[in-house]
Each structure stands twice: as C-alpha cells, then as structure tokens.
Amino acid sequence: KDFSPAFDFSNDHPFFYNFKIYIADVEYWTMRKLLAVFNIFSRGNYYINALFFDFVVFWGPFLLLKFLLNYFPAKKNILIVIIFFFPTTSFWLSGIRGEGLIFLFMMITIYYAAKWFTDHRLSRIMLSIMGVAGMIIFRGVFLLVFVPAFLSWLLTFRFKQKHFSVFGIVYALSAIVFFGSSLISAKNNLPAAMVSRQQEFFQLHGNTVFGLDSLQPTLMSFLRVAPQAFSNTFLRPFVWETKGILQIVSAFDIVIFWIFIFFLFFSPEKNRKTHLDNPVLLMFLFYGFSLMLLIGYIVPFPGAIVRYKAIPELLLLVFMAIASNCKKQINIFYNLMFSKQN
C-alpha cells in the first residue's frame, strides 16, 4: 500500500505534480523499508545499519571498477585507489544517504547496457531499465543530466568513428532543447525549473554560503552566472577560507583534483588522443563536468556541494587517472622523497 500511486493521484493536481510527489514518497518508503529489514538484525543500531547499507551500495563502485577493467586493465591499481579510497567520494557514497544508491543504479544502467551490446540478452535490458528507474526515484535531476552522456555513449556503438563529434552533437542538441523549452511554455520549462530549484536553496540557511547570483530563465543569465557556478564546485573552498575539519578536507580534495588536472595536461599517456576519443571516458567527462556545473548553478552551500558532487567528481577523477601518466609522477615524487631521506 505504501508504494501504491493511488493516493498521490487521487486529486485534481496536474499529472507531473502528482508524479513528483509520488516519486518522493517512493524514495522515502524505499529507504524506510530497507532500514526496517536491517533493524531486524541490528536492533536499531545505526552503525550496524550503516555496515549493512554499505554492503548494498558497495556494488556500485565494484561495477564501475569491473566495467573499466574491460577497457583499461593496465590502470587497475590507480583505479582501485581512486574508486575505493579517495577520501571525500568514499565518505559521501558510504553513509546511509541516497547518493550511494544513485551511484549503484547508475552503474547498473551502464554496466548491463554494455553487456547487452555483447550478448543481446533480454535480462541485460531489464536490469538497465531497473537502473534508470532507481535513478528516477532517488535523484531525477541526476538522471536528466545523465541522459545526454549515456545516449551519446550508446550512439558510439552505431557510429564507430569520431566519438567526440557524437558527444558534441548530442550536447548541442540538448542545449537547444533545454533553452528552447522556454518557447513552448513561458512558465513550465527547463530553465525555469532550474531557477525554481535555486530559489528553494536560497530559502535555506547555512553557516557558510558561497556567493551566487540569482538565475533567470534566459541563456544570457546562465552565461553570466557560469563563472560563479564553476568556481563554487571546481575551486572552492579555498584553503584560506576553510572553517572546520570538513571544509579543510574539502579544500584538500580540491587541491588533489587539480593535481590530477595538472597530470592530464603535462603528463599525459602516450596515446592521449586515443584516450580522449574513448566513448567511455567521454561519457564520464561530459557527465561529470555538466553535473558539477549544474550543482554550482543551484547550490550555494559548500556542505551540500561537496556531498552532491561526490559522484561526478569520482567520474572525472577516473577520466583523468586513465588519460594521464599518474604512475610516472608518483614515481618521481617517491624518488624525490626517498632521496631526501637518504
């Protein structure tokens, strides 16, 4: 009964409004029922429940690693470190929160879609559909940003050449659809939905708030706010503005992230062009960058930003670790430290 849509659709509100309420109820009850099962064995102990929960969401990072090793087996060690031991991503994806389940459903979608292209088994498609349904339930916005990247990746199985062009065309069309939706309805359109979501965050209160101008549902407004959105997710918090241990860790995370960017540009793999046209890496690059920018547009609170960007940041780190020669740089650093000790 709790999962039935009958109650939420038993009024005269518009369909999509009722659907939004129903999805929120399904998310709530899914988490509650999962914890109810855990409580049978944990007697309500939060830490034991967290252990049980991690046993479920662990399969998201595991599927990511298994998926990537099919394409980049030589990168096994660095991928294990980044996927399972990078502090901020492992922290935010391991608590009793929706992010771990979102990532699990996302990887189910990608992993079994790739499997379908090799064996064409119906069960692969069903599992991928289940993954999409899970993403709708736990964070529909993440799915909307995921669709262009996922669709571009699927199209590369049909178009074997110029994968970057495929992604570029799909994202150009997505931008046209996004801003063009305002021509269909002046009130109910995608830019207006983002503006509304930003305003909802502005109504909240937090100890630390990043500067972020109010959006308007126009292309020029989005372009004007873009530098702030980029700065808030890719650059901040700066080391000198941190307050408390969590912000210090977040600032350290930003430093490590930009070190990987340095590796990407100044210590690339010998076959960098091949890596940069790899459809898997392009999917992670386009999705990770666009989702982090979206978070910057909407969320002004650093505590929320670092949580929401855990998934796209992980995918960007994976992209940079594969496309750059991290091992060479780590060996240089190790030799410098070892020589100093001697």
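Before I start, a word on how the model was handled: because it is predicted, local features need pLDDT of at least 70 and side-chain atom pairs count only at pLDDT 80 or more, while totals for chains, interfaces and linings use all residues. Residues are numbered from 1 along each chain as its sequence is written, and side-chain values use heavy atoms, with hydrogens and water left out.

Let me begin with the whole chain. The protein chain has 16 helices and zero strands, where helices (H or I, at least four residues) and strands (E, at least two) are DSSP runs, numbered from the N terminus. Its radius of gyration, taken over C-alpha atoms, is 21 Å, close to the 20 Å from the globule rule for 342 residues, so the chain is as compact as a globular protein of that length; the rule itself is 2.2 Å times the number of residues to the power 0.38. Along its principal axes, the C-alpha trace spans about 75 × 55 × 50 Å. Of the 342 residues, 45% count as buried, and here buried means under 20% relative accessible area, exposed over 50%, and partly exposed in between, with a 1.4 Å probe and protein chains only. If we take contacts, meaning heavy atoms within 4.5 Å, with a separation of 6 or more, residues 24 or more positions apart account for 66% of them.

Now to the interior. In soluble globular proteins, nonpolar side chains tend to be buried together. A nonpolar core is a set of buried Ala, Val, Leu, Ile, Met, Phe, Trp, Tyr and Cys residues joined through side-chain atoms within 4.5 Å. Which residues touch the most other members of the largest core? Among its 94 residues, they are L64, L68, I110, W153, F284 and V318, and helix 13, running over residues 279–298, gives the most to this core, with 14 residues. Taking V318 as an example and leaving aside its neighbours within four places in sequence, we find it in contact with L64, L68, L79, I82, I83 and F284.

On a 1 Å grid over the protein atoms alone, a cavity is a set of points where a 1.4 Å probe fits but cannot get out, and lining residues have an atom within 4 Å of a point. The largest cavity is lined by F86, P87, T88, V249, F252 and D253, and helix 11 gives the most to that lining, with three residues.

S221 sits in helix 10, residues 219–234, and with 5% relative accessibility it counts as buried; beyond its neighbours within four places in sequence, S221 is in contact with S214, L215 and Q216. N77, by contrast, belongs to helix 4, residues 76–85, and counts as exposed at 62% relative accessibility. N39 lies in helix 1, residues 15–42, and at 33% relative accessibility counts as partly exposed. Leaving aside its neighbours within four places in sequence, N39 is in contact with G44 and N49, while N39 and F52, 13 residues apart in sequence, are 9.9 Å apart in space, C-alpha to C-alpha.

Note on methods. 1 Å grid on protein atoms, 1.4 Å probe; cavity = no way out; pocket = protein on both sides within 12 Å on 5 of 7 lines; lining within 4 Å.
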